[in-house]
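Please look over the sequence and the structure below before reading on.

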Amino acid sequence: MTTVQPTVVSAEAVDVATRGGAGTARRRPRGSRPFRRPQAQELWGWTFVAVPMLLFLTFVIIPVVMAVVLSFTDYAVIGDPEWVGVENYRRILDDPIFWLALRNTVIYTVMFVPLGVLVALGTALLLNRSSRVVNLFRTLFYIPVVASTVATATIWYWLLNPQSGLFNIVLGWFGIDGPAWLYDSKWAMTAIVLMSVWSGFGTNMLIYLGGLQGIPRELYEAVRIDGANAWQSLRYITLPGLSRTTFLISTLLIIGAFQVFDQAYLLTKGGPGNSTLTVVYYIYNQGFGGLKMGYASALSFVLFLIIAVFSILNFRLTSRSQS
């Protein structure tokens, strides 16, 4: 005869079952989350995020909003702003000096961007190897980037001197009479472009070096086995591999070219004959020279739209070339 042993249930099991039943009865709605106290690490994280966001709001967002409002007013710093609607923007369409400054800026951009890309890429290709001498040259080429713009302009003011400048002295060795550079309306913009490329190509060189080191070496070995020469390797391996890097650099150069101010201000003051007057320099003259802050704000937003259009065009052209 089989004897059935009674099942012994512990008090702990009864307590767990009781709690489980009670919890099941008070089941949370779907999608709700239990309340959890934030830990100290999370609080510190939000604190570190809030500080730069507060600075960004204070020094970027609020000034931009104020500039938008000022662009619809006549504000001369002294006195209260007077609402004029879109009159400042209408005035831009009839302002011949603005269109002259825009033409000069476009000419500067057309010369500066391709030359800046070629110089940075060529230098990066020459320095894309590991040695102490190469590291020395990388440092030397980057020094103009961290140098003061005033110091750089002083050096180039001496280099471009029509009588005793190094450029004209070297040209004289070959029997060429050098131009007046900064004093000639035909050559002043070229002089500013040369100074801008020299003082800024170090950063783009480093970006290109990073892109070159990201291209797999196996690709070069494969095309070398197939009998490709150096030019073919550059055309079919290097340049396609640097397409995204080139897009980044060209976009940064376009934005910087339309915002050029220091070089024109320090070397030529916009002359001779307004041949080097740029849009940003014109905005500076209107805002701080003529105390026309409302008109200067409107010019700034027109420049922002122009930069956005050219950046989009550059993106479309680069995307089409990649495809």
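## A residue to begin with

In which helix does Thr 245 lie? Thr 245 belongs to helix α11, which spans residues 243-258. With a relative accessible area of 15%, Thr 245 is buried. Setting aside neighbours within four places in sequence, Thr 245 is in contact with Ile 207, Tyr 208 and Gly 211.

## The model and its confidence

The model is predicted. Over the protein chain, pLDDT averages 87, and 87% of the residues score at least 70. Where pLDDT is low, the predicted coordinates should not be read in detail.

## Overall make-up

The protein chain has 14 helices and two strands. Of its 323 residues, 31% are buried. Among contacts with a separation of 6 or more, 65% are between residues 24 or more positions apart.

## Helix α6

Helix α6 covers residues 149-159, and its buried residues are Thr 152, Ala 153, Trp 156 and Leu 159. Viewed down the helix axis, these buried residues fall within an arc of 115°, so they line one face of α6. Their cover includes α5 (132-146), α7 (166-173), α8 (188-213) and α12 (262-267).

At the start of α6, Ser 148 places a side-chain oxygen within 3.3 Å of the backbone nitrogen of Val 150.

## Aromatic rings

How many aromatic pairs does a search of the whole structure find? The search finds 20. One of them joins Tyr 284 and Phe 288 in a tilted arrangement, with 5.7 Å centre to centre and 35° between the planes. These two residues are four apart in helix α13 (residues 279-289), so about one helical turn separates them. Tyr 284 is partly exposed, at a relative accessible area of 31%, whereas Phe 288 is exposed, at 62%.

Ring pairs also link Trp 156, Phe 167, Trp 181, Trp 187 and Trp 198 into a cluster. Trp 156 of this cluster is also one of the buried residues of α6.

## Charges over rings

Tyr 295 has the charged end of Arg 91 over its ring, 4.0 Å from the ring centre. Tyr 265 has Lys 269 over its face, at 3.7 Å from the ring centre.

## A loop residue

Ser 275 is placed in the loop between α12 and α13. Is Ser 275 buried or exposed? Its relative accessibility is 15%, and Ser 275 therefore counts as buried, the cut-off being under 20%.

Which residues does Ser 275 touch, not counting those up to four places away in sequence? They are Asn 104, Ser 185, Ala 188, Met 189 and Gly 270. For one of these, Ser 185, the C-alpha atom is separated from that of Ser 275 by 5.6 Å, although the two residues are 90 apart along the chain.

Note on methods: Residues numbered from 1 in each chain as written. Predicted model: local features only at pLDDT ≥ 70, side-chain atom pairs only at ≥ 80, totals over all residues. Heavy atoms only, no water. pLDDT = per-residue confidence, 0-100. Phe/Tyr/Trp six-rings, centres within 6.5 Å; stacked < 30°, edge-to-face > 60°. Buried < 20%, exposed > 50% of the residue type's maximum accessible area, 1.4 Å probe, protein only. Lys NZ or Arg CZ within 6 Å of the ring centre and 35° of its normal. Arc of directions from axis to C-beta. Contact = heavy atoms within 4.5 Å. Polar contact = N/O pair within 3.5 Å; in protein donor to acceptor, adjacent residues only side chain to side chain.
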